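Subject: Structure for your files

Hello,

Here is the structure we talked about. My notes on it follow below.

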Amino acid sequence: MFEARLHQSSFLLKILEAIKELLNEATFECTNNGIQLQAMDNSHVSLISLFLSQGGFDKYKCDRNISLGINLTSMLKIMKCAGNDDIVTIQTKGDLDSITFTFESQNYDKVSNYQLRLMNLDHEHLDIPETDYACVMKMPSAEFAHIFKTLLQFGETVEISCSKDGVKFSTSGDLGKANIKLAPNNITDSDKAIFIEIQEPVSATFAIRYLTSFAKATPLALRVQLSLTPDLPLLVQYEMGDKGRLKYFLAPKVDD
């Protein structure tokens, strides 16, 4: 039996909103430690890696390892049926042909439940090696979202360049050119501080539309970390406290 309970269903809705543009369906691996999702986007350009810790749930029980193949569009429709402050309980039983979502209002005067058929999906767990990155940058997630919302107005690709002077984001298109440069600041408020650690200069080009999609995770964490090294995917990471973490890996564009 699997059961997970959260006092705010809106958290799961934010998770789905953060990955819906990249994934139509995915397999959730449930163990005693928590829930993990790992999948390539439909174009096989980015990889999404999600971990929800069992300690982040108000109640969590998983008596054996199970795989839940879920249509994320359908799950999103169900999650939108809940009120922002509703309590959600997710359960599976028996032969694992469906999963049940139960929503309860905070004062328990309304209870609703929805059953979603599970899918048999091909799933291969990829081992992601630990990497020593040439450049690691931490910034407010709202600033990250603003940067790529702005750059999207000017071009389709962005060159991210890291040097001892800071990190520069550059793009160009029919409208013109745009350059945004960030340097470490001395703000004592850790939520607003910009931290940059550079081991060696590095530069790579990426599709802006993917980075804009990654920024949909902004409501999940106040901070975001970007990690870049030559010839490897960019890592964009959101730490969600005791609830877990969400990572996006994006392959660099290669010149024809």
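K164 counts as exposed, at 78% relative accessibility, where exposed means over 50% relative accessible area, buried under 20%, and partly exposed in between (1.4 Å probe, protein chains only). K164 forms a salt bridge with D165, with 3.6 Å between the closest N and O atoms; a salt bridge here is a side-chain nitrogen of Lys or Arg within 4 Å of a carboxyl oxygen of Asp or Glu. D165 is partly exposed at 44%.

Please note that this is a predicted model: local features need pLDDT of at least 70, side-chain atom pairs count only at pLDDT 80 or more, and totals for chains, interfaces and linings use all residues. Residues are numbered from 1 along each chain as its sequence is written, and side-chain values use heavy atoms, with hydrogens and water left out.

Salt bridges

By the rule above there are five salt bridges. One of them pairs E17 with K20, at 2.8 Å between the closest N and O atoms. E17 is partly exposed at 24%, and K20 is partly exposed at 36%. Another joins K216 and E21, at 3.8 Å from N to O. This pair links distant parts of the chain, 195 residues apart: K216 sits in the loop between helix 4 (208-214) and strand 16 (223-228), E21 in the loop between helix 1 and strand 2. K216 is partly exposed at 38%, and so is E21 at 45%.

Helix 2

Helices (H or I, at least four residues) and strands (E, at least two) are DSSP runs, numbered from the N terminus. Helix 2 covers residues 72-79, and L72, M75, L76, I78 and M79 in it are buried. These residues lie on the same side of helix 2, because they cover an arc of only 160 degrees around the axis, taken from the directions from the helix axis to the C-beta atoms. They pack against helix 1 (10-19) and strands 2 (25-31), 6 (66-71), 8 (98-104) and 9 (111-117). At the N-terminal end, N71 caps helix 2, with a side-chain oxygen 3.0 Å from the backbone nitrogen of T73.

Whole chain

The protein chain has four helices and 18 strands. Buried residues make up 48% of its 256 residues. Among contacts (heavy atoms within 4.5 Å) between residues at least 6 apart in sequence, 65% join residues at least 24 apart. The C-alpha trace spans about 55 × 40 × 35 Å along its principal axes.

Regards

Key
A polar contact is a pair of N or O atoms within 3.5 Å; within protein, one must be able to donate a hydrogen and the other to accept it, and residues adjacent in sequence count only if both atoms are side-chain atoms.
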